[in-house]
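Subject: Structure handover

Hello,

Here is the structure I promised you. Please open it and keep it beside this email while you read.

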Amino acid sequence: MRHNICIRLVIMACVLHLSSLMNAAATDLCDGDTLYKFFKIKKTWDSAREECEFLGGRLAFINSESTHEKIRSHLNSVGNLMNSAGKGYWFGLNDIDNEGTYTFVGTGGIELTYDAGWSSERGRQQPNNSMKKDPNGQDCVQLWEQPPSPQTPKWNFDDAYCSNKKGYICEIQNSGCGGGGNLG
Ligand SMILES: [Ca+2]
């Protein structure tokens, strides 16, 4: 009997945890049936990937000018998404498996075709796989807050150290968010 109550409590705690995570946040972006969730809490790329999977999604798939532009303008119009997320947001792009070949996590290995997304801020073309702080180089890709706010950041792609902690963007497909416009 007591055992049953314990199990029920654990299930209830899980449901509460999930529902609090899934609740529409003011920072959410709904595009068609895809829900983008922006997290300012800083995590390594791998922890961010796990969190998105836990939510039933994946780190965001950004492989076109139109998707990039929607996310960029959302970041620039929701003021509190600035400046507090490790100077950038992780998304799904990485070259962990094969140096120089950029694929999206959770897609079965779709390769990047939108090369115009890369940053050339501060006179440096990205990706540069910098080994300055880690001999393994940079294998995870962020939307970089450059130029820094209060200027208007371009949020272009920049390869960074996977172990760095940054904000992150999850996407949840078939979320049912379509039809009602922007949940935020
Ligand atoms: Ca690399």
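In what order do the elements of the protein chain run from the N terminus on? The order is α-β-β-α-β-α-β-β-β-β-β. That makes three helices and eight strands. Please remember that this is a predicted model.

Some totals come next. The protein chain has 184 residues, and buried residues make up 33% of them. Now take the contacts between residues at least 6 apart in sequence. Of these, 72% join residues at least 24 apart.

Helix α3

Find helix α3, residues 65-77. It has 13 residues, and at 1.5 Å a residue it should span 18 Å.

Which residues of α3 are buried? They are His 68, Ile 71, His 74 and Leu 75. Seen down the axis of α3, its buried residues fall within an arc of 135 degrees, so they line one face of the helix. Turn to the other side of α3. There, Glu 65, Ser 66, Glu 69 and Ser 77 are exposed. The cover over the buried residues of α3 includes β1 (29-31), β2 (34-43) and β8 (166-172).

The nonpolar core

In soluble globular proteins, nonpolar side chains tend to be buried together. Look for that here. The largest nonpolar core holds 37 residues. Those that touch the most other members are Leu 59, Ala 60, Tyr 89, Trp 90, Phe 91, Tyr 168 and Ile 169. At least two residues of this core come from each of β2, α2 (45-54), α3, β4 (88-94), β6 (140-144), β7 (157-160) and β8.

Pick out Ala 60 next. Leaving aside residues up to four places away in sequence, Ala 60 touches Tyr 36, Phe 91, Gly 92, Ile 169, Cys 170 and Glu 171.

Start with β6. Five of the five residues of β6 are buried, so this strand is largely enclosed by the rest of the structure. Both faces of β6 are covered. Cys 140, Gln 142 and Trp 144 lie on one side, with Val 141 and Leu 143 on the other.

How do β4 and β6 pair? They pair in the antiparallel sense, over four bridges. Tyr 89 stands opposite Leu 143 in β6. Four bridges also join β6 to β7, and these two strands run antiparallel. Here Cys 140 stands opposite Ala 160 in β7.

Now look at the side chains of β7. Phe 157 and Asp 159 point one way from the strand. Asp 158 and Ala 160 point the other way, and all four are buried.

A loop residue

Last, find Tyr 102. It lies in the loop between β4 and β5 (103-104). Is Tyr 102 buried or exposed? Tyr 102 is buried, because 24 other C-beta atoms lie within 10 Å, and 20 or more is the cut-off. Not counting residues up to four places away in sequence, Tyr 102 touches Leu 93, Asn 94, Asp 95, Glu 111 and Leu 112. Tyr 102 and Gly 92 are ten residues apart in sequence. In space they are 9.8 Å apart, C-alpha to C-alpha.

Best wishes

Definitions and conventions:
Residues are numbered from 1 along each chain as its sequence is written. This is a predicted model: local features need pLDDT of at least 70, side-chain atom pairs count only at pLDDT 80 or more; totals for chains, interfaces and linings use all residues. The expected span of a helix is 1.5 Å times one less than its number of residues. A residue is buried if 20 or more other C-beta atoms lie within 10 Å of its own, exposed if 12 or fewer, and partly exposed in between; C-beta atoms are placed from the backbone. The arc is that of the directions from the helix axis to the C-beta atoms. Two residues are in contact if their C-beta atoms, placed from the backbone, lie within 7 Å. A nonpolar core is a set of buried Ala, Val, Leu, Ile, Met, Phe, Trp, Tyr and Cys residues joined through C-beta atoms within 7 Å. Two strands pair if DSSP finds at least two bridges between them.
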